[in-house]
Amino acid sequence: MDGPYSHELQVAIRAVQSAAKISQSVLSSDDKGTLEKDDLSPVTIADFAIQALLTTTIYGAFPADNFVGEESAADLRANPVLLRRVWELLLRLKDDEESSLCKLPQSPEQMCEAIDRCGFGEPGAGDGRRTWVFDPIDGTKTFVRREAYAINVALLEGGKQVLSVVGCPTLPADANGPIDNATVDPTGRGSIVFAVKGQGTHVRPLVETPGEQVAVRKIEPLDASVALADLRAVSCYDMLDSGVDDAHKAIMARLGIASKGCDFLAWVLRWVTLGLGLANVTVWVYKKRERVGKIWDHAGAMLLFEELGGKITDIDGKDIDLTVGRKLTENHGFVAAPRSVHDQVLKTVHDVLHEQGKGHLLG
């Protein structure tokens, strides 16, 4: 694509393509080098290797920018065996480094430094620098089961999303709803869903076929007159204990949504589903006010839906603040819907929470 951010988009797409090769090679192995983090979420050797690859590649192209990512290298520094496995995994991409825009660290120590460049990064907009945000694998729990996951790359300027590139190795570029964690692209090519602010949302194959022109499809914007009767949901069902499942079900029933629609553990894939037009509403209420989202699960990927004409707020109706830090502490939960009905969806969320005696979850 020509226009603003065309170079950033090109670099990010190439980086995501190389990152997907890492994830797919780990996916084919029985031992994925899985660890458990302090918040009990899993992390694999692919998470570390991909974050190192994304950071080294994009920092190499845009060294003045700021970087934020999910992982730190502390576990690698403390575990030489794990460190060696991640380093050997990256070395498999030597051919990619020679044939694409992909760049690799030159030593295990440089690899750890690249991971920590993101792992300790903060997204604040006050210093005037642009910020790249990475989630090397969103949906690690499903990834280790050989199910759906995403590689998320976002660019923020002044705390606002300006570019999103999401690699979806399991989702076909021509996916039809409903899709879920078990959806697999029969061609094995996967997809990249991307958006640049003001230029719409697009989808293309992740894996290119030599000699073929890459087919890029622009997603149709939402109709300005979408009504409640037109709503189709995406959520996560029966896999997370962070949300208020009975409230989510009651909200959808009150909105007249009979089918559960699309179902993904990974937040990035829920935003992708909305960005592809395969759903147009999602609601998430955390069980506790102190529970908040993390920037790498949402930054950039939300732009995919906003570029179609979707509106995203928290359950209090506040815009999502991406400047506050690695955790989205100024917001609680999410409400995403077409602009024409967002206020009605938000009111339904409030009505149901009050009726269920959960009004304390509202601000």
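I began with α2 and α4, whose crossing is right-handed (left-handed if the near helix is turned anticlockwise from the far one by less than a right angle, right-handed if clockwise). This is a predicted model, so I noted the limits: local features need pLDDT of at least 70, side-chain atom pairs count only at pLDDT 80 or more, and totals for chains, interfaces and linings use all residues. Residues are numbered from 1 along each chain as its sequence is written, and side-chain values use heavy atoms, with hydrogens and water left out.

**Entry 1: α2 and α4.** I found the axes of α2 and α4 (residues 80-91) within 9 Å, crossing at roughly 55°. Axes are lines fitted to C-alpha atoms, for helices over the stretch in contact, with angles from 0 to 180 degrees between N-to-C directions. Helices are DSSP runs (H or I, at least four residues), as are strands (E, at least two), numbered from the N terminus. The angle makes α2 oblique to α4 (under 35 degrees is roughly parallel, over 145 roughly antiparallel, 65 to 115 roughly perpendicular, the rest oblique). From α2, Ile45, Ala46, Phe48, Ala49, Ala52 and Leu53 make the contact; from α4, Leu82, Arg85, Val86, Leu89 and Leu90 (contact means heavy atoms within 4.5 Å). I read the classes as 10 nonpolar, no polar and 1 charged (Ala, Val, Leu, Ile, Met, Phe, Trp, Tyr, Cys and Pro are nonpolar, Asp, Glu, Lys and Arg charged, the others, Gly among them, polar).

**Entry 2: α1 and α2.** Here α1 (residues 6-27) packs on α2 (residues 45-61) at about 160°, axes 9 Å apart. That makes the pair roughly antiparallel. The contact includes Ala15, Ala19 and Ile22 of α1 and Ala49, Leu53 and Thr57 of α2. I logged 15 nonpolar, 3 polar and no charged residues.

**Entry 3: α2 and α6.** The axes of α2 and α6 (residues 108-119) come within 8 Å and cross at roughly 85°. So α2 is roughly perpendicular to α6. Among the residues that meet are Phe48 and Tyr59 in α2, and Met111 and Arg117 in α6. The classes are 7 nonpolar, 4 polar and 1 charged.

**Entry 4: a pocket.** Which residues lie nearest the centre of the second largest pocket? I found Lys160, Gln161, Glu306, Asp319 and Ile320, out of 18 lining residues. β6 (160-168), α10 (301-306) and β13 (310-313) each supply at least two of the lining. I noted 5 nonpolar, 5 polar and 8 charged residues there. A pocket is an open set of points on a 1 Å grid over the protein atoms alone, where a 1.4 Å probe fits, with protein on both sides within 12 Å along at least five of seven lines; lining residues have an atom within 4 Å of a point.
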